[in-house]
Amino acid sequence: MSAKQSSADLDRDRDRDRDRVREPFASPDHQRASAELGTWTFLAQELVFFAALFVWYTCQRLRLPAEFAAGSRATDWLLGATMTGLLLLSSAAIVLAVRFASERRRLAGILTLGLTMALGLGFCGIKGFEYHAHVVAGETPVGAHGRFWSVYFVVTGFHLAHVLAGLGLFGVLLIAWLRDRLRTNALIMAALFWHLVDIVWIFLFPLLYLIDPKP
Amino acid sequence: MSQSSSSSSSSSELGPAPSVAATLTCLLALLALTALTTGLAFVELGAGWQLSTALTIAALKAGLVAAVFMHLARAPRLTRTFALVGVAWLLLLLAGVLADLTTR
């Protein structure tokens, strides 16, 4: 009876371990490598999605170099650089959160995940401020240099949607972590997605804000 | 059993993420490259050089994020292949469109 009891306890302990190896995986490494490979497959198709936007940008910029330079001059390079810094800091913070998750350092992990989200929200706040300022100034797809602003709003809009999706994922994972139900692999997968969103912005920053910022 | 213990030891050797020192070093390099690309935008280089320098620095930054933050440098070969194939599709599409646009 007591042996049966302890076996039930063992089962319960194993079920509580969110990082336990599940079917059909052979080991923690196997499980993690599969999660990462699946995520990279998803990221490769995300690259193809953004490729369409970058090709559109390339066509328009080659056709309308003066319009793109003039439109870019109306963007605030300092805000663009600040947003780049925020995303880079958030990427570093989520790397640390993943590390803390695998070391089972819950408090440090929750704090760094919270920091990642705060930095991401800072990015969204600045982006919202910029959109508002551009619309108020008439810098829209139907105003002067409209073809630049068309590309600007669509490309940064899709990027912003990805930032918001990443923040949503992190929010779910933060709640799970607070309830001590975090799966480390889920955090690793969300972090990979976040880094890709960061990489897309690394290219958007010079392509949109720094075409010709000289006064 | 021996297989499972050897795989768990390799897991701890591999590590789940880069070390704190590697993460912060990479972050500093990324911030420095951001400052560099911003500063160079104000230097008179000519439009062509301006664009190619900015894209080179962006590619370097993306490489750092992928290799260190995304752990690609230490990922299994198959994972690295998947990542490179994604970049290859992007470059193929851009190269095709650029070839068309610049030759007529």
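Predicted model: local features only at pLDDT ≥ 70, side-chain atom pairs only at ≥ 80, totals over all residues.
Chain A brings 45 residues to the contact, and chain B brings 48 residues. The size of an interface is often given as the accessible area lost when the parts come together. Here the area buried between chain A and chain B is about 4200 Å², and carbon and sulfur atoms give 80% of it. On the side of chain A, the residues that lose the most area to chain B are Trp40(A), Arg99(A) and Lys214(A), which together make up 15% of what that side buries.

Which elements of chain A give two or more residues to the side that touches chain B? They are helix H2 (28-63), helix H4 (77-102) and helix H7 (184-209). H2(A) supplies the largest share of that side, with 17 residues. Sorted by kind, the residues on the side of chain A that touches chain B are 31 nonpolar, eight polar and six charged. Across the interface of chain A and chain B, zero salt bridges are found, and one residue pair is in polar contact between the two chains.

Now for a residue within helix H2 of chain A, namely Glu46(A). Apart from its neighbours within four places in sequence, Glu46(A) is in contact with His162(A), Phe193(A) and Leu196(A).

Salt bridges do turn up elsewhere. Side chains of opposite charge can pair when their charged atoms come close. Over all chains, the count comes to eight salt bridges. One of them joins the side chains of Arg104(A) and Asp19(A), at 3.4 Å from N to O. Arg104(A) lies in the loop between H4 and H5 of chain A and Asp19(A) in the loop between helix H1 (2-16) and H2, so this pair ties together parts that are 85 residues apart in sequence. Asp19(A) is partly exposed, at 24% relative accessibility, whereas Arg104(A) counts as exposed at 55%.

A further salt bridge brings together the side chains of Arg73(A) and Asp212(A), at 2.8 Å from N to O. This pair also links distant parts of the chain: Arg73(A) is in helix H3 (residues 65-73) of chain A and Asp212(A) is in the segment after H7, 139 residues apart. Arg73(A) is partly exposed, with a relative accessible area of 43%.

Arg105(A) is partly exposed at 43% relative accessibility, and Glu103(A) is partly exposed at 34%. Arg99(A), Glu103(A) and Arg105(A) are linked in a network of salt bridges.

Finally, a look at the backbone. Most residues other than glycine have a negative phi. Arg104(A), however, has a positive phi, near 60 degrees, and Asp180(A) likewise has a positive phi of about 60 degrees although it is not a glycine. Arg104(A) is found in the loop between H4 and helix H5 (106-136) of chain A, while Asp180(A) lies in the loop between helix H6 (146-178) and H7. Asp180(A) counts as exposed, at 52% relative accessibility.

Definitions and conventions
Residues numbered from 1 in each chain as written. Chains lettered and ligands numbered in written order. Heavy atoms only, no water. Contact = heavy atoms within 4.5 Å. Buried area = accessible area lost by both parts, 1.4 Å probe. Salt bridge = Lys/Arg side-chain N within 4 Å of Asp/Glu carboxyl O. Polar contact = N/O pair within 3.5 Å; in protein donor to acceptor, adjacent residues only side chain to side chain. Helix = DSSP H or I, 4+ residues; strand = E, 2+ residues; numbered from the N terminus. Nonpolar A, V, L, I, M, F, W, Y, C, P; charged D, E, K, R; others polar. Buried < 20%, exposed > 50% of the residue type's maximum accessible area, 1.4 Å probe, protein only.
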